[in-house]
Amino acid sequence: MSSLSTFEINEPLDMHLHLRDDDMLKLVGPLTSNTFTGALIMPNLVPPITTKEALLSYKDRIKEACKDDIFDAHVTIFFQADYSYEFLKDIKEDIIGIKLYPAGITTNSETGVSSMDVEVLRPTLESMSKLGIPLCIHGETNGFVMDREKEFMPIYESIAKAFPDLKIIMEHITTKDAVELLEKYENLHATVTLQHLLITLDDVAGGMLQPHLFCKPIAKRPEDRSALLAAALKAHPKLMFGSDSAPHPKHKKESCGCAAGVFTSPIALQVLVELFEKHNCLNKLNDFVSLNAQRIYGLTPKKKTISLEKSDFVVPSSYKFKDEIVVPMYADEILAWSIKKN
């Protein structure tokens with residue numbers, strides 16, 4: 001066990017983040033931009049971001065919400081199978097990638113892809129491959145909930161083989177099967193969330209239901225968590241931190257029909273330091289939370305060092321802006337590390 005009392009993370013990057021919009025964006029945006037130097041932002045708004053005009057407008061709203069911080073919002077657009085080469089060439093410099101959602105598989109994905117047949121997707125994927133635009137995928141089928149990611153593995157393989165020059169990101173992986181697949185194809189990479197390094201389905205539903213731990217993909221088995229944690233702790237070169245921090249109003253989480261998403265932005269770095277310290281792997285944390293993403297995406301982030309100190313941090317019960325109230329993971333609990341105040 002490390003005996004450090006302080007620790008620094010340079011240029012932390014969150015490579016999978018939901019910022020929502022309007023008052024929710026104004027609430028949660030600064031809770032990321034205060035401690036991260038950049039983030040890859042999901043496009044599943046209502047309606048989803050599919051045009052250059054919508055993209056640039058959203059980037060402006062994010063910039064306004066996070067204006068007091070050193071922070072780059074790397075925004076994606078919502079995958080459609082018929083994007084033209086000319087459209088993608090025109091928008092390439094404004095996006096970091098394109099996010100593919102199977103239709104109806106998660107929040108605001110109703111207009112996602114209805115067929116995962118490579119030939120159906122080929123027009124857009126060929127253009128992306130030629131232009132060097134990464135493909136980010138929410139990899140789940142609509143099968144039995146615990147098997148959805150495992151069932152998606154052949155689809156990842158078919159795309160990876162059909163487009164060997166296309167950089168593919170398996171988003172928020174949750175299974176040992178996905179970890180193993182990283183070794184099989186050079187063009188496959190992945191993100192993993194904070195919660196999937198820490199919890200299993202038992203934590204969500206093994207006793208009293210825990211709505212603020214419910215997310216999609218759902219947390220899996222202990223052996224899956226172990227595989228994810230082992231890959232993260234050694235900073236597997238094809239794995240990046242992506243929180244998938246997904247805020248929902250408190251009344252939509254603590255209700256019948258609980259919304260899927262865990263809100264971790266305010267605690268992500270504190271918990272990661274505690275986790276990596278526990279396993280004597282703090283020397284790998286900067287790679288996992290920054291350097292791997294820089295290399296995989298070719299990023300040169302703005303300089304930003306976050307200093308943490310070993311002192312108790314009491315996680316707030318909730319965060320509020322106007323009528324928006326969001327409950328974070330570990331609400332009211334005490335963490336061992338705090339963000340050091342400047």
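Analyst: In this predicted model, the structure holds two cavities of 30 Å³ or more, where a cavity is a set of points, on a 1 Å grid over the protein atoms alone, at which a 1.4 Å probe fits but cannot get out. Grid points are joined across faces, edges and corners, and a volume is the space filled by probe spheres set on the points. The largest cavity has about 110 Å³ of space, and among its 16 lining residues, those lying nearest its centre are His18, Thr106, Lys216, Asp244 and Ala246; a lining residue has an atom within 4 Å of a point. By class, this lining has four nonpolar, eight polar and four charged residues, with Ala, Val, Leu, Ile, Met, Phe, Trp, Tyr, Cys and Pro counted as nonpolar, Asp, Glu, Lys and Arg as charged, and the others, Gly among them, as polar. The second largest cavity has about 50 Å³ of space, and its lining includes Ala246, Pro247, His248 and Phe263; six of its lining residues are nonpolar, three polar and one charged.

Pockets are open sets of points with protein on both sides within 12 Å along at least five of seven lines. The largest pocket has a volume of about 480 Å³, and of its 20 lining residues, Arg20, Asp21, Leu45, Val46 and Asn108 are the closest to its centre. Helix 1 (22–33) and helix 2 (52–65) each give two or more residues to this lining, the largest share, three residues, coming from helix 1.

The second largest pocket, of about 410 Å³, is lined by 18 residues, with Asn34, Thr35, Ile339, Lys340 and Lys341 the closest to its centre. Helix 1, strand 10 and strand 15 each supply at least two residues of that lining; helices (H or I, at least four residues) and strands (E, at least two) are DSSP runs, numbered from the N terminus.

Strand 10 (residues 305–309) pairs with strand 15 over two bridges, and Leu308 has Ile339 as its bridge partner.

Residues are numbered from 1 along each chain as its sequence is written. Local features need pLDDT of at least 70, side-chain atom pairs count only at pLDDT 80 or more, and totals for chains, interfaces and linings use all residues, while side-chain values use heavy atoms, with hydrogens and water left out.

Note on methods
Pairing = 2+ DSSP bridges.
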